Amino acid sequence: LNSQRHLAATPALSITGLGCVSAAGIGIAETEKTLFEAPSGAEVAPEPPLILDTSEQHYFKLRSREDWAEYAAFIAAPGMKPCLFAILAAEEALSSAGITRDELANLRVGVCLGSTVGGTNYQETFLQEYFSGKLPGSDPLEQDYVSNCALFLSRHLGLNGPALTVNNACTSGADAIGIAANWLRADLCDVVLCGGTETILTKIYYGFRSLMLCSLQTCRPFDRARDGLSLGEGAGIVVLEKKATKRKPKVHLLGYAGASDSFHPTAPHPEARGLNSAALKALKQSNRNFADIDFVNAHATATPHNDEAEGRWLTKNLSHARISATKGFTGHTLGAAGGVEAVFTALSLMHGKLPASRGFSNVDPEIGVIPTLGVETGSYKSALSISLGFGGTNSVLCLGRTEGDPGSDQ
Amino acid sequence: MSGQVFITGLGHISGLGAGRNALLEAIEGKRLPERKQISVRTSHGVRETSLFTAPEVTLPATIPESIKRRMARVAKMAFFSANEAMQDAFVNSANLVEPDRVGIVVGTAYGCLELASAYQRRIVEQGPPGASPSIFSGSVQNAIASQLSISLGIQGPTATVTTIDQTTIGSLRVAFDWLKFGEVDHVLVAIGDEHSELHTYLAADSGSTETLGEGIASFVLSREDAKGIKQRYCELFDVQAFAGKKPLSVSQFEGAEVFGSAPWARSFAPLFGSMATCSAFEISMAALMTSSDLRTRSCFQTSRFGENQTVGLRSALAEIS
């Protein structure tokens, strides 16, 4: 507790807009349908979600849409896809917040995005030619300067606030929301578009496969027979504002904290040291205790080690709370996951519904977590969204339906 | 948001050499980087280009082998520079009293270029079986922060900022806010990049005539009430970047008095070479100069694509006395 001495409960921030594209749906309406109307993991054998095209790649790919024709250049260049997804999610988020382009021009609007590949351009053809001994042209150098996802989105929307891309592996999206929160508290901005965006490049897919972290089936979070993750792509972006705004908040960001395991380059700390530290700090900032948390959107990648460390920590500290594991709908969207799942957490708080933990069917006695088996309903007030990442990063977001004290409806 | 933030430790490696003293000697005009001229075959024929190359780093035996074998060249530079900054700042950097009250921010525009190229080359040459798990995990952009965290025993938050030429300002801002809001007492900030064969090729092919630079500039930033530190170089009082239509004006800048009468300016960029994170090295130089002169207010501004970036430094001598 001494290590939290300078931390205090901070004023909640308002999440006034939501945007999301993933294998669970293009846009919030499709996403809600998938999350809250899909059959449970316990009742059906895992299979790809209905709105998913897995014919070409071994990951949860976004369904292509005809009205994306104007973005053909993005889709043709794999390294630019995070920029496309960020545009789609950000424009939906702004629309749902009711912020027009004209209003944007009069606000200090920041952009803070997490991504593992949206920071630099990736030209597969160029690299193949170069490493084969050919002498390809240097256009990719120029593309590096335009493909950084936060800078790209900021310029695309003509914004005038700070822009930052954070690459903290799988916690990136959550960390971007936490950094954005500090910008608002420091009065650097009036509004921040924040979250994560990601695509799966072949080199990333091969890398995860080389580490033997990929399942050949749809992932099975927390399940006794889990055997690895399914990769996914997409973006989840929220409009974050200080509470004094004319726009009605959908939910509130109560707190955020990050911490490092300082343990191993690829494996989580077995006792979830960093996760525990991040959660305690996020709760203190939120003026909440573990007992106040109604549900958790778990990281739950379905790799043996992640789910074991995270699951044991959940069983120890949050056995009263419902646990939701959503990567069976989206795959693991890496740098976008924290943003995508912050949106899912917000939707659950707004609608009082938790999605099934798709892919789970058998309890692992080593963990003891029994996540949601079907869509559940309840009067949920406070929730945690957890992200763990390569290299031992841990991030926890605390979201609330209301900004007041635990138990308050005000 | 309260309290002051101070630069309490500095570390450095670049084409100028390894260690803080190289910066001091450069300020005094006693040291210049060694320029290396090379010929590069490009799509336009053979072109000449030049580099400032940082010296090779020998890692201490205290770093676990499992970390060492995954470390990219830029990560080794980061360790050298970060470790120097930690030893500079802390009375006992090897035994942090509260490791979860120390954060890490790594700023890198391009990450582990050489290792990422090696990883990609193996895939091109051997197909999917060429993907090496150790090279993959060492080449991801947040590997540097992870390796610093493990090697230095730091358990606070980490962030890897990768925003091309806004990387330096973004990194310092993340650290500044963590400290101001009491999330940690200290932040180790390591900013820089390496050049690689591929990057050199791209620069030469594009016709760039700039001398390419590499290196890592490290800072320890500390809250005013932080314990266990040896000194304060200067106060970091402002870090901002705004794009496009509403650039900061001089009058908005707290340190505007420096522009009131005859301001003087020095640019050190030519000493470090061209890199997107070069401003971090200039801020190191400014911190060293500010530390020795009570009158100095330092301000750094740059602009690309219309962004304006400002870092405010002012002497900490008054607070110490």
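These legends walk through several close-up views of a predicted model.

**View 1. Chain B at a glance.** Of its 321 residues, 64% count as buried. Look at contacts in chain B with a separation of 6 or more, and 76% of them join residues 24 or more positions apart.

**View 2. Strand 7 of chain B is covered on both faces.** Residues 186-193 make up this strand, and eight of its eight residues are buried. In a regular strand, side chains alternate between the two faces of the sheet. Here one side carries H186(B), L188(B), A190(B) and G192(B), the other carries V187(B), V189(B), I191(B) and D193(B), and all of these are buried.

**View 3. Strand 7 of chain B has two pairing partners in this view.** Strand 5 (residues 102-107) of chain B runs parallel to strand 7, with six bridges between them. Strand 9 (residues 215-223) of chain B pairs with strand 7 in the antiparallel sense, over eight bridges. To find that pairing, look for L188(B), which has V220(B) as its bridge partner in strand 9.

**View 4. Three strands of chain B form an open sheet.** The strand order is 3-4-8, and the pairing is mixed. Strand 3 (35-42) and strand 8 (211-212) sit at the edges, each pairing on one side only. Strand 3 and strand 4 (residues 45-52) are antiparallel to each other and share eight bridges. A handy landmark is S39(B), bridged to E48(B) in strand 4.

**View 5. F272(B) sits in the largest nonpolar core.** Nonpolar side chains tend to be buried together in soluble globular proteins. The largest nonpolar core has 88 residues, and F219(B), L221(B) and F272(B) touch the most other members. Apart from that core lies another, of 57 residues, including Y206(A) and L334(A) from chain A and L59(B) and V106(B) from chain B. Back at F272(B), if you skip neighbours within four places in sequence, the contacts are H12(B), S14(B), L16(B), L23(B), F52(B), G213(B), E214(B), C278(B), F281(B) and M285(B).

**View 6. Helix 7 of chain A is largely enclosed.** This helix covers residues 149-156, and six of its eight residues are buried, so the rest of the structure largely encloses it. The buried ones are C149(A), A150(A), L151(A), F152(A), L153(A) and S154(A). After the helix comes G158(A), with a positive phi near 65°.

**View 7. I177(A) is a buried residue of helix 8 in chain A.** The helix spans residues 172-185. I177(A) counts as buried because its relative accessibility is 2%, under the 20% cut-off. C194(A) is 17 residues away in sequence, yet its C-alpha lies 5.3 Å from that of I177(A). Leaving out residues up to four places away, I177(A) touches C194(A), G195(A), V238(A), L240(A), L253(A), G338(A), G339(A), A342(A) and L397(A).

**View 8. Two chain A residues other than glycine have a positive phi.** D187(A) has a phi of about 60°, and S262(A) has one near 50°. D187(A) lies in the loop between helix 8 and strand 5 (191-198), while S262(A) is in the loop between strand 7 (251-260) and helix 10 (273-285). Are they buried or partly exposed? D187(A) is partly exposed, with a relative accessible area of 40%. S262(A) is buried, at 11%.

**View 9. S324(A) is buried in strand 9 of chain A.** This strand covers residues 322-324. The relative accessibility of S324(A) is 2%, so it counts as buried. Among the residues S324(A) touches, beyond those up to four places away in sequence, are V296(A), N297(A), L354(A) and T372(A).

**View 10. V363(A), I370(A) and L373(A) make a nonpolar surface patch.** The patch comes to about 220 Å². L373(A) belongs to the loop between strand 10 (353-354) and strand 11 (376-377) of chain A. With 38% relative accessibility, L373(A) counts as partly exposed.

Note on methods
Residues numbered from 1 in each chain as written. Chains lettered and ligands numbered in written order. Predicted model: local features only at pLDDT ≥ 70, side-chain atom pairs only at ≥ 80, totals over all residues. Heavy atoms only, no water. Patch = residues over 30% accessible without salt bridge, like charges linked within 9 Å, V, L, I, M, F, W, Y side chains within 5 Å. Areas by Shrake-Rupley, 256 points an atom, 1.4 Å probe, with all protein chains shown as cover. Salt bridge = Lys/Arg side-chain N within 4 Å of Asp/Glu carboxyl O. Helix = DSSP H or I, 4+ residues; strand = E, 2+ residues; numbered from the N terminus. Buried < 20%, exposed > 50% of the residue type's maximum accessible area, 1.4 Å probe, protein only. Core = buried A, V, L, I, M, F, W, Y, C linked by side-chain atoms within 4.5 Å. Contact = heavy atoms within 4.5 Å. Pairing = 2+ DSSP bridges.
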